[in-house]
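Reader: I am new to this structure. Please take me through one residue of it, then step back to the chain around it.

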Amino acid sequence: MARAVTMWEFSWLLRRQGEQREYADTERVLDELAERGYDCVRIDAFPHLIAADRDGHTSGTFAVHPQPDHFMWGPHGGNVTVVDPAGALAAFIDGCRDRGITVALSSWFNGDDEHRRLGIETPADLARVWEETLESLEARGLLDAIEYVDLCNEFPLDDWLPAAHEAIFGRPQDTQPSIPGQAVEGGWVWSAEQRERIRAYFAAVNGLRARWPQLRFTVSVAPVSESVYDLDYRDLDLIETHIWLSSNVAEFAAATNFSLDEYGFPGAWQKQVDSLDDVYWPHPERWHRRLGEEMARWAAVARAQNRSLWTTEGWSHILLDDFTSPLGHHAWDYVKSVAEYAVPKALALGWEGVCTSNFAEPHFPELWADVEWHRTMTDLIRNHTAS
């Protein structure tokens, strides 16, 4: 049976204060997660805050930096004070376990006033912070609730581990692609040496696996380079790839992604939704077919390397919110439409973990409120039996 997974990234901990408090009542939101049929949730474990820093210093309180307004995840405005991240993580995992929900651990390595993430430069640095985090969970008896550990979200994007990014590519972090908003066809290609450096970070899982053989380890990837299709993933226990029509299909990306620099926020996202009236809605089957071709590429990679496939973020657009087009098509109508094609396609291609979108979270309230839609999709995933 496949897992019905959603991503709550770092919002599960950082959106608990002030007007951004959708996750403040943990018991309620976990009940909602179970009600919608999800049996796995991928979250940020904040390993760089739980572990000691590179000088051996530990702390219990952190000032975590906000996200830019156009980024729909995490807090916006000022810093967020986080107290005892290890305890908060343990409580969240325990609540998931009580509801029969497993937890996939990842990290976006949010910036904080101590600049902890800048101390993670080498594969050994990355392994160390996860080792200390898993030791904390092991001491609390919670490792049985862990589905897998993703050492870094969408590696090797500079957004999450800038020091590691520079170690791999040898260039300042502001010269490389950031959040993958455009398709990668014909774009940035990594050299053989860069691929080997990336694999060295993949190999950081080996020491962790030797210590915790009952756990699975991976490093998730996103469509930032054609090179992601020919990396060697055999150090990893599974391949977690993030796939979007808006990023993997160049023609669609060119017609529906708009410049934040030119149109600002929320103008660029409104133009995205407006463009779907002319691009997507007249012939969705055409674009579904193209997305399916990209999914088949990943299925071939997984078969060749004998690895299972997970997608916890995917299918339509990366960045969307509560917008309606001139013809009355809501952004969530589009998200649902693409998901209704992609979810059964992923199951047919052999995916083990399948998301419904990267917006199945309490802080997207209109989409989250459609319990029946979520339940229909998660029932499809959970009841699927591989042939």
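Author: Start with His288. It lies in helix α13, which covers residues 284–304. Helices here are DSSP runs of H or I with at least four residues, strands are runs of E with at least two, and both are numbered from the N terminus. The model is predicted: local features need pLDDT of at least 70, side-chain atom pairs count only at pLDDT 80 or more, and totals for chains, interfaces and linings use all residues. Residues are numbered from 1 along each chain as its sequence is written, and side-chain values use heavy atoms, with hydrogens and water left out.

His288 has a relative accessible area of 12%. That makes His288 buried, since buried means under 20%, exposed over 50% and partly exposed in between, with a 1.4 Å probe and protein chains only. What does His288 touch? Leaving aside residues up to four places away in sequence, His288 touches Tyr280, Ser337, Val338 and Tyr341. A contact means heavy atoms within 4.5 Å.

Now the whole chain. Of its 387 residues, 58% count as buried. Take contacts between residues at least 6 apart in sequence: 77% of them join residues at least 24 apart. The protein chain has 16 helices and 12 strands. Its radius of gyration is 20 Å, close to the 21 Å from the globule rule for 387 residues, so the chain is as compact as a globular protein of that length. That radius is taken over C-alpha atoms, and the rule is 2.2 Å times the number of residues to the power 0.38. Along the principal axes, the C-alpha atoms fill a box of roughly 60 × 50 × 50 Å.
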